[in-house]
Amino acid sequence: MRLCALSTCSLNQWALDFAGNLERTRRSIYKAKADGARYRLGPELELTGYGCEDHFHEPETERYAWEALDELLRDEGCGSIVIDVGMPVWHRDVCYNCRVFCLDGKILLIRPKISLADDGNYREPRWFRAWHRDVEQYRLPPSVAETTGQQHVPFGEAVLELADACIGAEACEELFTLDAPHVRYALDGVDILGNGSGSHTQLRKLDLRIDLIRSAAKRGGGVYLYANQIGCDGGRLYYDGCSMIAVNGELVSQGRQFFLDDEVEVLTSIVDLDDVRSFRNAIASRSVQAAEAKPVHRIFVNFKVCFSDSDERIHRLAPNSRVDPRLEPNFAHTQSPLLRVL
């Protein structure tokens, strides 16, 4: 078995509340680490809040987001875990909606969103542009470069090839598109896919999310984590939380919907990545297509997310069991299985 603990979360973030958003993000990382996780996924644009609207045109919005990220990079309590954070990033004077992957005070990858939401209540192209180029080098702000010891980091669509797993990102709207990234990621052997989202409540939208997430993890196999905001962030929309984790098409953890008693909810699941490998190899047509698929750009990282064989906890752990999807999940399903062992 290749057991690992993975975390996602629902955060009650507020537009332009940089200090508050930072602290809630930090709390979620601390909780994920306490649960034994070595990968933590956060919601879309969590450091600024999703609903900043035309404030995304202001350089100060991005600058304060970088200052918040710099605080996380300097925090030793946020080490030994891959942190997947959402924030706006200006690259060559164009603003992108990005996922920023960090580990032990270093930035591993900035992954910009490649499909923007532009229907219903969403007007992302007003503030951002979709990314359609190859991986490039991004010049870090001087203060962040001083913290990380890096001058440039990869910027573009890529995945992280760790020592024992491969992690990719799919940002909110990309899950809903016909040519969704998770298809080619699954064909290229990405084990874990994180979707940081800012999805507001809408009639029967949760049903649609669950169907799409289960389908994404079912067709090509894999672990799919989904994070969302919860509550209002200063605008006229309400984000309903309900973060979740699916493995090979089955939900193994589902957070609460419409809760207001906690600003930070973290879900942690134990998964067996060998189950993903077995599931995929049992689908002959998938193997044929995977052997011919164009590879995704990889960033190689010397870090392990799985428990080692020498870890005394591994013999007492088991992968999370399947849970039935529901609109008002029981809070008991958000408790970390690792905490129950400890």
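How much space lies in the largest cavity? About 90 Å³.

## The model

This is a predicted model, in which local features need pLDDT of at least 70 and side-chain atom pairs count only at pLDDT 80 or more, while totals for chains, interfaces and linings use all residues. Residues are numbered from 1 along each chain as its sequence is written, and side-chain values use heavy atoms, with hydrogens and water left out.

The predictor's confidence in each residue is called pLDDT and runs from 0 to 100. Its mean over the chain is 94. A pLDDT of 70 or more is reached by 95% of the residues. Residues 329–334 stay under 50. For this stretch the model has 15 contacts (heavy atoms within 4.5 Å) beyond four places in sequence. Where pLDDT is low, predicted coordinates should not be read in detail.

## The cavity

The search runs on a 1 Å grid over the protein atoms alone. A cavity is a set of points where a 1.4 Å probe fits but cannot get out. Points are joined across faces, edges and corners, and a volume is the space filled by probe spheres set on them. The count comes to one cavity of 30 Å³ or more.

Lining residues have an atom within 4 Å of a point. The largest cavity has 14 of them, and Val-190, Leu-193, Gly-221, Gly-222 and Arg-280 are the closest to its centre. Helices (H or I, at least four residues) and strands (E, at least two) are DSSP runs, numbered from the N terminus. Those giving two or more residues to this lining are α4 (181–187), β10 (192–196), α5 (205–219) and β11 (223–232). α4 gives the most, with three residues.

By class, the cavity lining has nine nonpolar, three polar and two charged residues. Ala, Val, Leu, Ile, Met, Phe, Trp, Tyr, Cys and Pro count as nonpolar; Asp, Glu, Lys and Arg as charged; the others, Gly among them, as polar.

## The pocket

A pocket is an open set of points with protein on both sides within 12 Å along at least five of seven lines. The largest pocket has a volume of about 430 Å³. It is lined by 15 residues. Nearest its centre lie Arg-133, Asp-134, Glu-157, Arg-184 and Lys-294. The lining divides into five nonpolar, four polar and six charged residues.

## The cysteines

A disulfide is a pair of cysteine sulfur atoms within 2.5 Å. The whole structure has zero disulfides.

Buried means under 20% relative accessible area, exposed over 50%, and partly exposed in between (1.4 Å probe, protein chains only). Cys-78 is buried at 4%. Cys-102 is buried at 3%.
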